[in-house]
Structures are given as C-alpha cells and as structure tokens.
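Student: I would like to go through the terms used for this model. Please show it first.

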Amino acid sequence: MPGPLHGYRIVDLTSNVSGPLATMILADQGAEVIKVEPPDGGDHTRAGANRRGGFSAGFLNINRNKRSMVLDLKDPQAKEALMRLAATADVFIQNYRPGVAERLGIGEDAVRAVAPNIVYVSISGFGEKGPYAQKPVYDPLIQGFSGLATVQAGSDEARPRMLRTILPDKLTAITASQAITAALLSRERTGEGQHVRLSMLEAVLAFLWASDMSGQTFVGDDPVRQEAASATDLIYQTADGYMTVAVQTDRQWAGLANAVEHPEWLDDPRFKTPALRAENVDERLRLTQEALLARPTTEWLDIITAANVPCAPVLTRNQVIRHEQVRELGLLEEYDHPAAGRLRQTRAAARFSRTPAEIRHGAPALGEHTEAVLSELGYAPAEIAGLRANRVSLAADGE
C-alpha cells in the first residue's frame, strides 16, 4: 500500500543534510523525490568518510527512496530540462545561499512561471535578510549563534559547548518536512501554492524557546545574569554503569526517596515542593548520585520502576540498536543496497495505520535516473544523447 504522500512529486536541489533529510522524510512517506545534482561529484555528502561500495554512510542515511539525475544548471539546455521537470512537480526545494537561485534563473518567479501552484521552498542558514544572510553556514555556526552552545554549557560564564550531533541541521529538516506538508494541505483547500522560507536559525531558536528561554519570555524582566543549570546532570553512575532518573512530581520524589532507602529526604525542608527541589537542585542531585552508587544498574531499574519513578539505562550506540525495546518496535530495518551491500537504518519514525511509510529502495548512484526522468519528460533518445554530448548531464544510469 502506498504511503500517505503517494502521488506528490518533489524536485529536490538541496545538498548536505537539512534539505536532503527533509525530502527523505517525505520520500519515506510516499512522495516521489527527484534529486537534481551538479555534475562535479553531486551532493557533497557523497564524498564523506565511512564508505562501502562507493557510498558514504552519511549519504545513504539521508537520501533513500529518491531518484537522482545530473544537470549542469549553468547550461541553458539543462535549465530548460529542469523547468520541464518543475512543471510536473508539486514541490520545488533548494538550499542555496540567498540570491543564488535567482542568479541561476531558478528562483520562485521563474519556477512559478511554469508551475503556478507549486510549493516553492527555500532553506538557508541565517535567513534571507539581515547582516548574516550571506554568510556560508554549517551546523556549528548555528549552535554558537543561537545560544544552543551556551544552553549546553549550563551557564553564561561556563565555556560554551557544542552538542555532539548536528541538531540544527536535523531539526531544520524535520521543521521543513512538516512545513511542506502543511503547505500542500493548504494548497489542497485553496488551490494556491506558496513560498515556504525557513532558516536553521529560525528552526533552532523556536525549538529552544519552549524550555530554555523562560528568562527571556517576560518582556522587561530579562535576567541580568542567567541562572546557572545544575552542576550535576541527570546521568547517574551506579555500581556497574550509568542510568538516568527523572523526578517531577511530589509522588515521584517520594517514590525515589523510599526506593533508595532515604525516607528522611521527605522531611528535608529543602525538598518539600517542586519549586524548592528546583531551587536546591545541586544538593538534591548530589544526594541522589551518592545513593545510586550502592547497586548495579539492573537492580536499580527494577526497584525504581516498581516505585513508579521514571528511569532508564544509559546505553551505548551498539547497545541501543540491540535492545529489546527497539527490537519490539521494529525501529531498525535491514535491506540490500546494490552497491553498498547490507544496510541497517531506522524506518520512518511516524507509523501510519492505513498508508505506511517504508524503505522502498536505497540511496541512488549519482545520476542513476537521469535518462529515465528525461524520457518521462518527453525527451526522445536522440535529444537525450544530444544533452549528454553537450555535457548538460554527465551521468546517467549510475555511470
């Protein structure tokens, strides 16, 4: 059974992570995604490390369920082919630096001239206006600029720290995929397409605000000095490893105190209410850590779970992919890629009862579908040969 977005065609000119991951989410949900790549190596992530069979793991993990065609957009014939493709599409997405698409002749106005109701999507780093609009951007710049690195440090005085995952890139992808779906739903109701603009900065700052910007929420009451987070985080060492325990309510606090055999905590005036426990967080977490050193992780998980207190083991990457919980969810799938061999990847996170998302095929070779797509657009074999001879498309059928 086809996925929920079956029948929608997306022309994808994005590269690196945020754009390709966004379109892969939509491709997993059934959309037809045609990835248009430049002839000089294609998407930059194709050249990444950790490779097998000519493919990088990074490229494979964000480009499955797509077709690839190669077009040199500096050539008028290639641009004409792209516009013919856009005329058949529902979504056109690019993540060039602001102004580049217009200079290439593939900005919104040019695309809308051939596809009046298309959803046109622009993803950028800092947005299309402002003093940072033209900066080249990668994930670390947004982590630093947005305040995320300071949030991770725990206080304004501590040395800022990067997350060891490219959260801005991936969060932008998720935000973009939702926005594209919303624009398509709007078009179904109104008949009109629109321009969806999104920057990594906007995605991350909006994401942070829900939980990390309370001090900046009330206008006129900005803190002179940001309150520091606890010196201890919620990762606790046990007798043989690590675990995490999260306590919010009075009932959970009582459950934890009794589970670790420290009922005297319940009479401590510093911990009587959630507000007081937050105010005295360092001492509360210190006492919790001391108590949890007494037993192995598996014992604590049984004891604390029985007390209805949220807890979980802290797992390595190799451990989590083999855990029973992940296995029961069927979260990981294995399949054979024609060049890279046997692959393991997560399936689409959201599950649909009637129109399931699925891995239909692995990431494409550079230009693997160039000739097939051109043929679908009405190009005759002789015309396709002429395009190749003129170096408009340099790779076809996996060359």
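**Terms and values**

Tutor: T288 lies in helix α12, residues 281-292. Helices here are DSSP runs of H or I with at least four residues, strands are runs of E with at least two, and both are numbered from the N terminus. This is a predicted model, where local features need pLDDT of at least 70, side-chain atom pairs count only at pLDDT 80 or more, and totals for chains, interfaces and linings use all residues. Residues are numbered from 1 along each chain as its sequence is written, and side-chain values use heavy atoms, with hydrogens and water left out.

Student: Why does T288 count as buried?

Tutor: Its relative accessibility is 3%. Buried means under 20% relative accessible area, exposed over 50%, partly exposed in between, with a 1.4 Å probe and protein chains only. T288 therefore counts as buried.

Student: Which residues is T288 in contact with, leaving aside neighbours within four places in sequence?

Tutor: Y236, L256 and W265. Contact means heavy atoms within 4.5 Å.

Student: What makes α1 oblique to α8?

Tutor: Helix α1 (residues 18-28) and helix α8 (residues 167-190) pack at about 45 degrees, with axes 8 Å apart. Angles under 35 degrees count as roughly parallel, over 145 as roughly antiparallel, 65 to 115 as roughly perpendicular, and the rest as oblique. So α1 is oblique to α8.

Student: Which residues of α3 are buried?

Tutor: In helix α3 (residues 76-86), they are A78, A81, L82, M83, L85 and A86. Their cover includes β1 (9-12), β5 (66-70) and α16 (370-376).

Conventions:
Axes fitted to C-alpha atoms, helices over the stretch in contact; angles between N-to-C directions.
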